[in-house]
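Let's walk through this fold together, starting with its order of elements and ending at its surface. Keep the viewer open as you read.

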Amino acid sequence: MAKKKSIVSLEGAVKTAEGLTYKGVIMEPIDEKCEGCDRIVPFEDVNYCPTYAQPSRKWASGVCNFATHMRAEMDKAGKVKVNPLKASKRAARGR
């Protein structure tokens, strides 16, 4: 069976002076690098990430591991890490 994606909404979120408060967590607006991600949820004309409250900190060390739009680009690169031990055993068998 196909797995259905659950639609995330920020129902019950409250706009405060610190930012958007959702389930006791203060959420920041998305970073410009997040544009195109499937996880983005709009709330009062501002986009938020329900997966991570501070999206800019996720991008600080490289690529956000929650970014759905970056996974497709990484897979297309074709770089796959190969275990050298397994590779040598395959070569010995003639594969």
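**From strands to cores**

Reading from the N terminus, the elements run β-β-β-β-β-α-α-α. That gives 3 helices and 5 strands, taken as DSSP runs (H or I of at least four residues for helices, E of at least two for strands) and numbered from the N terminus. Before going on, note that this is a predicted model: local features need pLDDT of at least 70, side-chain atom pairs count only at pLDDT 80 or more, and totals for chains, interfaces and linings use all residues. Residues are numbered from 1 along each chain as its sequence is written, and side-chain values use heavy atoms, with hydrogens and water left out.

Three strands form an open sheet in the order 1-2-3 with antiparallel pairing; pairing here takes at least two DSSP bridges between two strands. Strand 1 (14-15) and strand 3 (25-27) sit at the edges, each pairing on one side only. Strands 1 and 2 are joined by 2 bridges, and Lys15 stands opposite Leu20 in strand 2.

Leu20 also belongs to the largest nonpolar core, a group of 9 residues that includes Ala13, Tyr22 and Phe43. Such a core is a set of buried Ala, Val, Leu, Ile, Met, Phe, Trp, Tyr and Cys residues joined through side-chain atoms within 4.5 Å, where buried means under 20% relative accessible area with a 1.4 Å probe, protein chains only. Strand 2 (20-22) and strand 4 (41-43) each supply at least two residues of this core. Beyond its neighbours within four places in sequence, Ala13 is in contact (heavy atoms within 4.5 Å) with Leu20, Thr21, Tyr22 and Phe43.

Overall, buried residues make up 22% of the 95 residues.

Key:
Buried means under 20% relative accessible area, exposed over 50%, partly exposed in between (1.4 Å probe, protein chains only).
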